[in-house]
Amino acid sequence: MKSLFGRRSAVVTVVIAAALILSGCSSSSVNDSAGEASGDCGSYAIAMHAWGGYTASAQVLAEVAKQELGCTITQTTLEEGPVSYDAMEAGTIDVVIEDWGGGRWKDWTDRGAVVEAGENGNIGIIGMYVAPWMVEKYPDITDSKNLNKYAAMFKTADSGGKGAWFEGPTGYTTIGEKMVSANKLNFKVIFSGSEAALVDGFIKAEANKTAFIGYAWQPWTLHSKLPTLEAARVVFPANDWSDPAAASGLTDYPSTPLLKLISKKLNDANDSFTSLVKNFSWTNADQNSVAADLEGGMTAEEAAKKWIAANAATVASWIGK
Amino acid sequence: MKLRKSYLLLASVTVWILLGRLLNGTHTLQIATYENTSFTSYVGKKALELRGNRTESPAFIYFFNPIRGAIDGFVQGIRNLIAVPAPNSLIPIIGWLGVVGLVAFAVYATSQWRTALLSVSLLLACGALGMWQFTMDSIAMTLAAVLLSLAIGIPLGIWAGLSDRVLKIFTPFLDLAQILPTLVYMAPIALVFMIGAASATIATMIYSIPIAIRITSHAIRNLNQSPIEAAESMGSTQKQKLSKVQIPMAKQMIVLGINQTVMAAVSFVVIAALIGAPGLGKPVIEALIIRNVGQGFVAGFAVVFLAILLDRSTSAAAKSQTSFIPPTEKQIKTKRIILIVSAILAVVSVFMSRTMLWAAVWPKEVTIAPQVARVTNNITGWILENLTIFTVGFKDLISYSVLNPLETQLAASPWYVTVGMIVALALIIGGTRTAILAFVLAMAIVLSGLWYEAMLTLTQTIVGCMLTMIIGLALGIWTGRSDRALRVLRPFLDAGQTLPAFVYLVPMLGLFGPTRFTAIATGIVYAIPVVVKIVSEGIRAVPHALIEAATAAGSTTRQIITKVQLPAAKKTILLATNQGLIYVLAVVVIGGFVGAGGLGYLVIAGNSKPELQGKGLIAGVAILLLGVIFDRIMQAGARRST
C-alpha cells in the first residue's frame, strides 16, 4: 500500500531512523563529562505550588538535595490539595514541602498513599488585612466590630452595594463567607482567584490611598514590600471551638503549623533524601528572606543558593553532617 | 412575518424585565460557595470513592490504569528523545543541535528551503528565549497527542466518510466537542487518569480527534466521483477502491486535516499544564501566579513561535504537492544533491549533539529572555501606570451600566422567570424543538443547584459577546471591504488565535483588577479574531453584482454597508455571533482565576478543595449545558434566516 505521504517522507523516515540508530551507537561521552550522579539518593519529584513562600522552601530543598546528596530532582508545578495527593499516589510527586490544608489529606493518608513527614517549622497565619494606610487614619478599623461602620468605603462596581471583601486564592484555606455571616458583616466576598490579584490589590490601595480589605498571610513576600501590613490585620473574635463541626460558626482563621507530606515511595525508600525531607525545618524569617530575593528578580535557583551559602549550619543539620 | 417576530421578542423581553423587577430577589436559588446541595455532595462522594478505588477497582486495574501507563510511556519515550534526560543519562537522546538539524532536513525534504529556514530560526528563537527544554517538552506532548489523535481520527474519519449512518452517529458528538470549553473536561479526566502527561494527552486528544474525523470524512465525501466509478466498473473490491483510489485522492485534504489537528493540539499546550502537562504551559501559568508579565510574555512568544513553526511546516507539506509543472531534470538533480547533503548534515548534527555538551544542552549564555522580559515589563508597566485611570473608568462604566443591571435581571430574578424567558427566546428564534431542548437543559441546571452561578457566568458571557460583536463587526466590515486592512490585521488575528488566553490574562488583571470585567476583557480578546475572520469572509462573499447595482443606483458607502452587505451576510454574522458566544464562554470561565466568580470559579475550586469536588464537576457540566442551549438557539436562528 502506498504511504499516505509518498516517497519523500519515506526518505525522511529513513534518515531519521539512521540518525537514531547512529545516536544509539555513538559514545555517550557527554554523559560522562556533564556531571556525576552519586550517593544513595535516587530520582525524586518535588511539587511546586503557586505561592512565593512555597517556591522558596521547595527550591532550597531541591538545591540541597542536588548539591549535597547528588539526587536527581524534578520540580513539577501543580495545584495544591487533592491534585497533589493524587499525583503522590500515582508516583509522579514525592514531596509537598508545605501544606496548609489542616487534614484535607486524610483520605490519602488513611490508605497509605501519602505519609505525613512532620512540621516544616513555618507557622501559617491567615487573616483579613486592610490596606496599611487605613490603620493610621482610622485606628479602630482593625477591630472587626467596627468594620460595618466603614463598609461603604469598600464598595466597588462588583460588590453589589456592600463592601468588597477580597478572598484568598482558590486552592487556599478560605472561610470568608462563613466569617462574613458569623460576624454579621455588611460585606460581599469577591473571589480574587490568585495571589497576584491580592498583591495587586494591596499595593494599588496603599499607593492610591483607596480602601481595601483582603486575605493575607504569613509568611508572605508582600510583607517585605508593605512592612506595616502586619499591623493592619483585622482582629476577629476567636473561634468557638466547642462545636468545631458547625460549619457556620467560624469567625476567624486559626494559625497553623505547616506540614510536610511525602509519597509512600519516598517513605519506603528511606534514603538520604527521605531523611533530608524529614529533617527540613526553617523559620518564617528564613522563608521570607528567600522569597523576597525571588520577588526582587533573582531566579529561584540563585536565591536558594544564596540562602544555603549563608546558612551552612542549618543545612548541615538537615543532612546529618 | 419578520416584523411579528421582532415584536414578539420585544414583548417577551418587556414581560421578563417587568416580572424580574417585581419579583426581584426571590427564588434566586443562591447558595453559599462552601455549601453543597444534596446532588453535588452525592457527586462529590462518588468522586472521592472513585479516587480511593484506583488501586482496587477492576475498571481501573484492567482499563484506565493500563491506558494511563501506555500513554505515559509513549509520551515519556518521545520526551526522552528530545526533551528530558533519558534514564541513566544526563542528556536527552538527541540534543538541541540534532533536533535543529533533523527539523531542517525534514521540512526541506517535504517542502521548500524557505520554510526550512523559517522553521530553524523559530526553533533557535525558542532556545534564545531560554525555553528550549519547555519547547521540546511541548513538541513532545503535541507530537504524542497528534500521533494518537490521527491513529484514531483518520480511520474513524474514513469510516464516517464512507457510511452515512456512521456520520449521523458521530455528528452530535463532533458538534458537542466544538462547544465544550476546555476547562470543563480537565477535572473529570484528571479524576480518572490522574494528574500527569497521560491526562494532558487525553484531554488534548478529546479536542483534536473530532477535527481529524471531520476533515477526513469531508475529504472522502467530496471526492470527484468519476475515478471511483471507474474503479468500481473495473471490478475493484471495496478495499482496493479505498486504498488505491479514495485515500490517494483525498490525501491532500487529509494532510490539511493533519495540519488542523496539530494546531488544535498546540492550542492546548498552555491549559494542559493545569493537569500536569510538561512544557511551555508551565512558565506561562507560573507567570500568572507570581504576576510576572514579562516572564509570561517570554513563554507566550515561545508558544506562538512553536505554533507558527508547526503550522507552516505541516501546511507547506500539504501545499508542496500542488504544482502541475513537472520539475526539470536539472531541478530534480539539484534538489536531490541538496537533500543528500542536508541529510548528511542532519546525521552529523545528531552525532555532535550526542558527543559534545555544547550541542546537547542549550547554552545558557545564549539568551535574550531577560531583555525581552524587561522590554515587555516596561511596556506593560507604562501602560498600567498611565492607562489604568481610563481602563478602570471604562470597567466601572460597563459594570454599572450593563453588567450590574443584566446580572440583576438574570441572577436576581426568580429562576422560573429566567427559564421562561430563555424558553420563549428559543421558541421565537428557533422553533418548538429548540424550545423543548432549551427547557430541558435549563431545568437540568436548575436541578443541579448551580442556577445562580450559571446566571453569573451567563451575564459575563452575554456582555463579553456584545462587546466582541461591536468590535468584531466593525473590524470585520473593514477587512471585508479592504484588502489592505486585511493585510494589516492578518498577523494580529493569527497571533491572537495562537497566543494562549492565559498570557494576556496577566496584563488584563493589571488593567482591570480582580473583577468580572477582567474575565470579560480576556474573553473579548480571545473571541475577536475568529469573529473578524468569519464576518470578513461573509462580507467578501456578498455577490459583486448586488454591490454594483447599489452603486449604480447612487448609494453611499454607508448605505451599501447597511442596506446591502450586512443584510446579505446576515447568516454569516449570526454564525459569527454564535462562535463569539462560545469563545467568550470558554474563556470567561477561566476568569475564575482572576475574581470573576461564577461557574468557572467553582470548577477551579473543585480541583483544589475536596469538599467542593462534586460542585466543581457539576459546574463543568453546567457550563457545557449553557453552551449547548445558546449554540442550539443561534444555529436554529441562522438556519431559519435563509
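1. Start with a strand pair in chain A. E5(A) pairs with strand E7 (residues 213-218) of chain A in the parallel sense, over 2 bridges. One contact point can be named: Phe166(A) has Gly214(A) as its bridge partner in E7(A). Keep in mind that this is a predicted model.

2. E5(A) has another partner. Strand E6 (residues 187-193) of chain A runs parallel to E5(A), and 6 bridges join the two. The chain gets from E5(A) to E6(A) by way of helix H8 (residues 176-182) of chain A. This β-α-β crossover is right-handed. Gly163(A) has Phe187(A) as its bridge partner in E6(A).

3. Look at which way the side chains of E6(A) go. Phe187(A), Val189(A), Phe191(A) and Gly193(A) point one way. Lys188(A), Ile190(A) and Ser192(A) point the other way. All of them are buried, Lys188(A) included.

4. Now chain A as a whole. It has 15 helices and 8 strands. Of its 321 residues, 47% count as buried. Take the contacts between residues at least 6 apart in sequence: 73% of them join residues at least 24 apart.

5. Chain B is built from other elements. It has 27 helices and 0 strands. Its radius of gyration is 26 Å, and the globule rule gives 26 Å for 642 residues, so chain B is as compact as a globular protein of that length. The C-alpha trace spans about 80 × 65 × 60 Å along its principal axes.

6. What share of chain B is buried? Buried residues account for 52% of its 642 residues. Among its contacts between residues at least 6 apart in sequence, 80% join residues at least 24 apart.

7. Helix H27 (residues 613-640) of chain B has 28 residues, which should span 40 Å at 1.5 Å a residue. Its end C-alpha atoms are 41 Å apart, which agrees. Of those 28 residues, 20 are buried, so H27(B) is largely enclosed by the rest of the structure.

8. A single residue gives a local view. Leu546(B) sits in helix H23 (residues 544-552) of chain B. Is Leu546(B) buried or partly exposed? It has 14 C-beta neighbours inside 10 Å, so it counts as partly exposed; a buried residue would need 20 or more. Setting aside neighbours within four places in sequence, Leu546(B) is in contact with Val564(B) and Ala568(B). Leu167(B) is another matter: 379 residues separate it from Leu546(B) along the chain, and their C-alpha atoms are 37 Å apart.

9. Last, confidence. Chain B has a mean pLDDT of 86. In that chain, 98% of residues reach 70 or more. For the complex, the predictor gives an ipTM of 0.75 and a pTM of 0.83.

Note on methods: Residues are numbered from 1 along each chain as its sequence is written. Chains are lettered from A and ligands numbered from 1 in the order in which they are written. Helices (H or I, at least four residues) and strands (E, at least two) are DSSP runs, numbered from the N terminus. A residue is buried if 20 or more other C-beta atoms lie within 10 Å of its own, exposed if 12 or fewer, and partly exposed in between; C-beta atoms are placed from the backbone. Two residues are in contact if their C-beta atoms, placed from the backbone, lie within 7 Å. pLDDT is the predictor's confidence in each residue, from 0 to 100. The expected span of a helix is 1.5 Å times one less than its number of residues. The radius of gyration is taken over C-alpha atoms; the globule rule is 2.2 Å times the number of residues to the power 0.38. Two strands pair if DSSP finds at least two bridges between them. A crossover is right-handed if, with the strands pointing away from the viewer, the path from the first strand over the helix to the second runs clockwise.
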